[in-house]
Amino acid sequence: MFEPEAQEREFTDKVVSINRVAKVVKGGRRFRFSAIVVVGDGQGKVGFGLGKAHEVPEAIRKAVEKAKKDMVQIPIINNTIPYTVVGEFGSGRVLLKPAADGTGVIAGGPVRAVVEVAGIKNILTKCLGSHNPHNAVKATMEALLQLASPEDVATRRNRPLAEMVG
């Protein structure tokens, strides 16, 4: 019973964007809110969620729940990613490059949120194309999903790990 509660406490979440949308009805406008949230454990697990509701806190809560359900594990080696990768979603493209120790997180807005909650400490990023928060977050997640650890690559190629690391 106590295990799930302990796991939930270690997750950090960041609100990437909150958007107010209006529906025009006979009596005026009805406002609703949509929120994009990223959740991670700082150890390579990360997920994002989109929540919609009549109030901001409720939209954020829904987004956090969705993000926790859709978490994925990504490989982190020496506080950075193993190799350069490009993720695409819609018209948004995000380039992620590994960086040396002491570089820090060189990223803007939505990409920074995803990378920081994942636990990556040194990385270079560039948004190519659309800077829309939806596209940027989804493209970043797409790029992170393309990453494979050296152990996975070695087993897939039937080679020893020493040959992969070189």
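Student: Which residue of β3 stands opposite V37?

Tutor: This is a predicted model: local features need pLDDT of at least 70, side-chain atom pairs count only at pLDDT 80 or more, and totals for chains, interfaces and linings use all residues. Residues are numbered from 1 along each chain as its sequence is written, and side-chain values use heavy atoms, leaving out hydrogens and water. β2 spans residues 28–40 and β3 spans residues 45–53, running antiparallel; strands are DSSP E runs of at least two residues, helices H or I runs of at least four, each numbered from the N terminus. The residue of β3 opposite V37 is G49.

Student: How many bridges join β2 to β3?

Tutor: Two strands count as paired if DSSP finds at least two bridges between them. β2 and β3 are antiparallel, and the number of bridges joining them is eight.

Student: And how many join β1 to β2?

Tutor: These two strands form a hairpin with two residues between them. I18 has A35 of β2 opposite. β1 and β2 run antiparallel, and their bridges number 13.

Student: What is the strand order of the sheet that holds these strands?

Tutor: The sheet is open, has four strands and pairs them antiparallel. Its edges are β1 (12–25) and β4 (72–73), each pairing on one side only. The order is β1-β2-β3-β4.

Student: At what angle to β3 does α2 run?

Tutor: α2 covers residues 56–69 and lies across β1, β2 and β3. Contact here means heavy atoms within 4.5 Å. Axes are lines fitted to C-alpha atoms, for helices over the stretch in contact, with angles from 0 to 180 degrees between N-to-C directions. The angle of α2 to β3 is about 145 degrees.

Student: Which other strands does α3 lie across, besides β1?

Tutor: α3 is residues 109–118. The helix runs at about 140 degrees to β1.

Student: How do α3 and α4 stand to each other?

Tutor: α4 is residues 133–146, and its axis comes within 8 Å of that of α3, crossing at roughly 40 degrees. The contact uses P110, V111 and V114 of α3, with P133, A136, V137, T140, M141 and L144 of α4. Angles under 35 degrees count as roughly parallel, over 145 as roughly antiparallel, 65 to 115 as roughly perpendicular and the rest as oblique. The two helices are therefore oblique.

Student: Is the crossing of α3 and α4 left-handed or right-handed?

Tutor: A crossing is left-handed if the near helix is turned anticlockwise from the far one by less than a right angle, and right-handed if clockwise. The crossing of α3 and α4 is right-handed.

Student: Why is one side of β5 and of β7 left without a neighbour in the sheet?

Tutor: They belong to an open sheet of four strands with mixed pairing, in the order β5-β6-β8-β7. β5 and β7 (105–106) stand at its edges, so what each has is a single partner strand.

Student: Which residue takes a positive phi in the hairpin of β5 and β6?

Tutor: β5 (residues 85–89) and β6 (residues 92–98) run antiparallel, joined by five bridges. G87 stands opposite V94, and V85 has L96 as its bridge partner. The hairpin has two residues between its strands, and the one with a positive phi near 60 degrees is G90.

Student: Which residue of β8 is the bridge partner of G92?

Tutor: β6 and β8 pair in the antiparallel sense over seven bridges. β8 is residues 123–129, and α4 lies across β5, β6 and β8. The bridge partner of G92 is G129.
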